[in-house]
Amino acid sequence: MPLANLWNRILSWFRERNDRLQLVNDFNMAARQAWVAGYVPSCLKASISHGCSDYRHSFSRWMASGFRICVLSGAQLSKQDIKYIGEAILSNEQLVRQLVVLGWDTLEVHCDVGNYGCRWALKDHLMLGC
Amino acid sequence: MAMESLDTLKIVSDSLSNVSQQAGNSDSHTWIWIIVVSVIAILLIVIILVHRRWKTKPVDKLDILKQQAKADGKVDFDNVIASGFLAKKLYDTLKVECHPDKFPLDDEKNAIATDIFQRIKQNEHNVGELNKLKEEAISKLNINL
């Protein structure tokens, strides 16, 4: 059934795309609310980037496999601060699994000021078999 | 003689133009029917495929993983975002105040502190869990934070 397979692929592509955008929107909404309420000192903004080809896994998307977080702080953050934000995301196993199954393979965190950032391979933080 | 030939030519040209118009009309009707039939066929194929897709269960490993991720519920983004900024300070405070070495004489408190300290280390980046552990430490170890 090559026609049915093709149709299934088209359907799953659209569904996956919708889920990816939903996750990014949920993240951005929560970040905006936390910043407006004053819980956090900086606003985070998630977007989809190209990703790193070295971090690919079997569920990776061909393009747009990077989950990029921009920290809107207005000043250059230290490497430790950027690392801590990334590790807070990676420590949430449920979020990491969702990112992986939705085709992301790279997590990128950078600041809005300067050209410095960190990136991680999501497959290294899956804790498979634990 | 010349007038007769002109009339004949005019009649022939009129009849030819009528015939060509009729042929053009029948062609356009045929094309409309072809388009209608093909649209109906495409719609039928789409309906059949969608119906089959709904009937079939996912057997793909990726589909199963996606369903598991959805079944786990929504990710607590508020906790994730707060953890990125607030967990470090709380973790640093708790790891000092709840260290087992601070209770060397009381065996019971030392055991509780050891348990809490291990969980603090496990939840280094989770501000929600750290807040719960803070409450537990205050109530069980009688410390001021």
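In chain A, 60% of the contacts with a separation of 6 or more are between residues 24 or more positions apart; two residues are in contact if their C-beta atoms, placed from the backbone, lie within 7 Å. The structure is a predicted model, in which local features need pLDDT of at least 70 and side-chain atom pairs count only at pLDDT 80 or more, while totals for chains, interfaces and linings use all residues. Residues are numbered from 1 along each chain as its sequence is written, and chains are lettered from A and ligands numbered from 1 in the order in which they are written.

Chain A contains 3 helices and 4 strands, where helices (H or I, at least four residues) and strands (E, at least two) are DSSP runs numbered from the N terminus. Along the sequence these elements follow the pattern α-β-β-α-α-β-β. Of the 130 residues in chain A, 34% are buried. A residue counts as buried if 20 or more other C-beta atoms, placed from the backbone, lie within 10 Å of its own, as exposed if 12 or fewer do, and as partly exposed in between.

The 4 strands of chain A form an open sheet in the order β1-β2-β3-β4, with mixed pairing; two strands pair if DSSP finds at least two bridges between them. At the edges are β1 (43–49) and β4 (117–121) of chain A, each of which pairs on one side only. On average, and with direction ignored, neighbouring strands of this sheet are turned by 20 degrees against each other. Axes here are lines fitted to C-alpha atoms, for helices over the stretch in contact, and angles run from 0 to 180 degrees between N-to-C directions. Strand β3 of chain A (residues 106–111) pairs with β4(A) in the antiparallel sense over 5 bridges, and Leu107(A) stands opposite Trp120(A) in β4(A). Helix α2(A) packs on the sheet, where it touches β2 (66–72), β3 and β4 of chain A, and its direction makes about 145 degrees with that of β3(A).

In the hairpin of β3(A) and β4(A), with 5 residues between the strands, Gly114(A) takes a positive phi near 85 degrees. Most residues other than glycine have a negative phi. Ala64(A) lies in the loop between β1 and β2 of chain A and counts as partly exposed, with 16 C-beta neighbours inside 10 Å.

Asn28(A) is placed in helix α1 of chain A. Asn28(A) is partly exposed because 17 other C-beta atoms lie within 10 Å. Apart from its neighbours within four places in sequence, Asn28(A) is in contact with Lys45(A) and Ala46(A). The C-alpha atoms of Asn28(A) and Cys43(A), which are 15 residues apart along the chain, are separated by 9.0 Å.

The contact between the chains takes 26 residues from chain A and 21 residues from chain B. On the side of chain A that touches chain B, at least two residues each come from α1, α2 (79–90) and α3 (93–101) of chain A. The largest share, 9 residues, is supplied by α1(A). By class, the residues on this side of chain A are 18 nonpolar, 5 polar and 3 charged. Ala, Val, Leu, Ile, Met, Phe, Trp, Tyr, Cys and Pro count as nonpolar, Asp, Glu, Lys and Arg as charged, and the others, Gly among them, as polar.

Asp26(A), Phe27(A), Ala30(A), Ala31(A) and Ala34(A) of α1(A) make the contact with Phe77(B), Asp78(B), Ile81(B) and Ala82(B) of α3(B). The contact of α1(A) with α3(B) has 7 nonpolar, no polar and 2 charged residues.

Within chain B, helix α4 (residues 107–122) and helix α5 (residues 127–141) pack at an angle of about 175 degrees, with their axes 10 Å apart. This angle makes α4(B) roughly antiparallel to α5(B).

Conventions. Parallel < 35°, antiparallel > 145°, perpendicular 65-115°, else oblique.
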